[in-house]
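Here is a short report on a ligand site and on the charged and aromatic contacts of a protein. Look over the sequence and structure first, then read on.

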Amino acid sequence: MSVVVDIQNVTVSYRESVALRSISLRIEEGALVSVAGPNGAGKTTLLTAINGLGRVLQGSVSVFGTKMAGRTATGIRKEIGYVPQMLSIDVRMPMKVEEAVMLGRYGRIGFFKRPSPRDREIVSDVVDLIGIRDLLSRPIGHLSGGEQKKVAIARALAQEPRILLLDEPISDLDISAQQTILNLIDRIHEQKRLTTVLVMHHLSLLPGNCSRMILLKDTKVVFDGSVEDALNEDVLSRLYGCRLEIIKTEHGVIVQAKVNA
Ligand code: ATP
């Protein structure tokens, strides 16, 4: 497997603070990697660094063997679908779901050009994959949180990315919608074999195809290994600074705070 993301000794800062400190990791083509850790650990910053948007003070981020910097990063970013944590949808925006998904194509076709039949076909395929055909003529301001997440994932896939970055795609969703989105992430991974990096707080709900966990704490990678090794009471209790217990069931693993701990 070839390495598609190569992060070497990277430090990323915002004006006030360092958000990632001396991080090194490699992600191989076709992997589905989950990233977890306490609030403020640097998970979103890691995704923005991969996307070439972070303020890298030191080290280098290479994607597909090319260093993410300046114009080169703009070109490579077309190959990266990014679904941010906060979907800033203005409810007054007069845009239908179909147009919102088509936005994902504009990085490829150019903003002042009309979508070709091929672009429409790509959008149509993605719409079926995500299962949002019944929403196509709805204004995007009239969608529920779960529907918005699906549209955001569809838009990212319409871009035909080679890497998919998902930042907490199930936060704010009900249990059923969480399951729907996670099944979708598994299905996308199975069908497209996209290299996928997923930031997740819900450790009991990791997608079945996830084979690697990266745990961040206080700007650093504190664990990088298999899901099985990551879902360990000591590892997670240290990570979150509270006693956690892990209950294994025939349907999966439940991670929860230890009562009276
Ligand atoms: P969460 O689980 O809460 O989403 P996270 O692990 O994704 O957190 P980041 O969003 O990467 O954390 O933030 C890492 C650190 O950088 C935090 O200390 C945060 O306060 C800081 N930070 C994030 N975004 C900005 C910003 N735009 N300007 C200044 N500091 C920021």
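Predicted model: local features only at pLDDT ≥ 70, side-chain atom pairs only at ≥ 80, totals over all residues.

**The ligand site**

The table gives three of them.

| Residue | Protein atom | Distance to a ligand oxygen atom |
|---|---|---|
| Ala41 | backbone N or O atom | 3.1 Å |
| Gly42 | polar backbone atom | 2.9 Å |
| Thr45 | N or O atom in the side chain | 2.5 Å |

How much of the ligand does the protein cover? On its own, the ligand has 640 Å² of accessible area, and the protein covers 63% of that.

**Charged pairs**

Side chains of opposite charge can pair when their charged atoms come close. How many salt bridges does this model have? The count comes to nine. One of them joins Asp6 and Arg26, whose closest N and O atoms are 3.4 Å apart. Asp6 belongs to strand E1, residues 3-13, while Arg26 belongs to strand E2, residues 18-28. The two residues are 20 residues apart, and their pair links distant parts of the chain.

**Aromatic rings**

What sits over the ring of Phe64? The charged end of Arg162 does, at 3.8 Å from the ring centre.

Key. Residues numbered from 1 in each chain as written. Heavy atoms only, no water. Lys NZ or Arg CZ within 6 Å of the ring centre and 35° of its normal. Polar contact = N/O pair within 3.5 Å; in protein donor to acceptor, adjacent residues only side chain to side chain. Areas by Shrake-Rupley, 256 points an atom, 1.4 Å probe, with all protein chains shown as cover. Salt bridge = Lys/Arg side-chain N within 4 Å of Asp/Glu carboxyl O. Helix = DSSP H or I, 4+ residues; strand = E, 2+ residues; numbered from the N terminus.
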